[in-house]
Number of protein chains: 2
Amino acid sequence: MEKHVLSVLAVNNSGVIGRVAGLFSRRGYSIQSISAAQTENPDISRMTIVVEGNEDTLEQIDKQLSKLVDVREVILLSENNSVRREHVLVKAGNGEETRNGLIEVANLFKAKVVDVGMDNLMLELTGEPRTISAFIRLIEPYGIKNLVRTGISALERG
Amino acid sequence: MEKHVLSVLAVNNSGVIGRVAGLFSRRGYSIQSISAAQTENPDISRMTIVVEGNEDTLEQIDKQLSKLVDVREVILLSENNSVRREHVLVKAGNGEETRNGLIEVANLFKAKVVDVGMDNLMLELTGEPRTISAFIRLIEPYGIKNLVRTGISALERG
């Protein structure tokens, strides 16, 4: 099934993020990723939601979201009309012998070392979602302890 | 009220992200921000949820979350035991006269220009949440068109 990226702007009434996300689960639409926080205006939140489905599903979701009183705007962001970014934090490594290899991968992607543990490193990378996935594949042989991706965050171009 | 950062690991059964977020809204707990996506294992998702409340609320949330069959782990990440990062995309500017000022702010924070429009720039920055807020305050005078923050993404140290 196709993946769609939705950008939802909503008034920050208590619990609006939970209500929007909850609507997807109640209606049986599976959220692949979500990232949601307030904007420069603390009264307004912007959510980027990635959902799988066909055109029909998408139309239904748009209709249901627009019915929520706090929702102000629902935009479908196509690959061409948007900038799509993602961030990952990953803790990996197994003692000294993996450290140099990890640092080499970090340098290759210009990832940043954000924490140094006894036998592991925590790295972070921001980039296009496919770059994040490639980075994770190269880190995997060094032993991933924990990993957190933000999911896609996106804005319309132009 | 105090802000708490929760890290939730869950089996990626259809719609688990929506179910977890929906639980907060059904129980009347307000999500300040959420970022959720699959991990290196496509069957497992990790969510970072920021919620306001006292110790009692927090205990209730932990209990309710742990009851969901797909939830594997709920960790409370304190400021000391975790690395907390955030990402922002911001489109700002009002023609040529704002461009140089925006680029100066970008250089100051080592932010990246990710898109150039007719009369605006799209910038991105990854950093500590308070750095992101400071960056946004300095961008504001140049006219913010659109802005999206991922919310806090975090992992346990060490």
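Predicted model: local features only at pLDDT ≥ 70, side-chain atom pairs only at ≥ 80, totals over all residues.
**Group meeting: two chains and what sits between them**

Okay, let's start at the interface: between chain A and chain B, the rule picks out four salt bridges.

Which parts of chain A supply the side that touches chain B? At least two residues each come from H1, E2, E3, E5, E6, E7, E8 and E9 of chain A. The top contributor is E2(A), with eight residues. Counting by contact, 51 residues of chain A meet 51 residues of chain B. The two chains bury about 4,200 Å² between them, and 57% of that is on carbon and sulfur atoms.

Now chain A by itself. You'll find four helices and nine strands in it, and along the sequence they run β-α-β-β-α-β-β-α-β-β-α-β-β. The C-alpha trace spans about 55 × 35 × 35 Å along its principal axes. Chain A has 158 residues, and 57% of them count as buried. If you take its contacts with a separation of 6 or more, 74% are between residues 24 or more positions apart.

Let's look at a helix. H2(A) covers residues 55-67, and at 1.5 Å a residue those 13 residues should span 18 Å; the end C-alpha atoms are 19 Å apart, so that agrees. Which residues of H2(A) are buried? They are Thr57(A), Leu58(A), Ile61(A), Gln64(A) and Leu65(A). Down the axis of H2(A), these buried residues fall within an arc of 130 degrees, so they line one face of the helix. The other side of H2(A) has Glu55(A), Asp56(A), Glu59(A), Lys63(A) and Lys67(A) exposed. As for what the buried residues pack against, that's strands E1, E3 and E4 plus helix H1, all in chain A.

Over in chain B, have a look at H4(B), residues 129-139. Its buried set is Pro129(B), Ile132(B), Phe135(B), Ile136(B) and Ile139(B). Those cover an arc of only 120 degrees around the axis, which puts them on the same side of H4(B). Turned away from that buried side, you get the exposed residues Arg130(B) and Arg137(B). The cover over the buried residues includes strands E5, E7 and E8 and helix H3 of chain B.

Two single residues before I stop. Arg149(A) sits in strand E8 of chain A. Is Arg149(A) buried or exposed? Its relative accessible area is 10%, under the 20% cut-off, so it counts as buried. Its side chain makes a polar contact with the side chain of Glu86(A), at 2.9 Å. Beyond its sequence neighbours within four places, Arg149(A) touches residues in both chains, among them His87(A), Ile132(A), Ser35(B) and Gln38(B).

The other one is Thr48(B), in strand E3 of chain B. With a relative accessible area of 0%, Thr48(B) is buried. Again leaving out neighbours within four places, its contacts include Val148(A) from the other chain, along with Val5(B), Ile34(B) and Ile152(B).

That's my tour; happy to go back to any view.

Conventions:
Residues numbered from 1 in each chain as written. Chains lettered and ligands numbered in written order. Heavy atoms only, no water. Expected span 1.5 Å × (residues − 1). Buried < 20%, exposed > 50% of the residue type's maximum accessible area, 1.4 Å probe, protein only. Arc of directions from axis to C-beta. Contact = heavy atoms within 4.5 Å. Buried area = accessible area lost by both parts, 1.4 Å probe. Salt bridge = Lys/Arg side-chain N within 4 Å of Asp/Glu carboxyl O. Polar contact = N/O pair within 3.5 Å; in protein donor to acceptor, adjacent residues only side chain to side chain.
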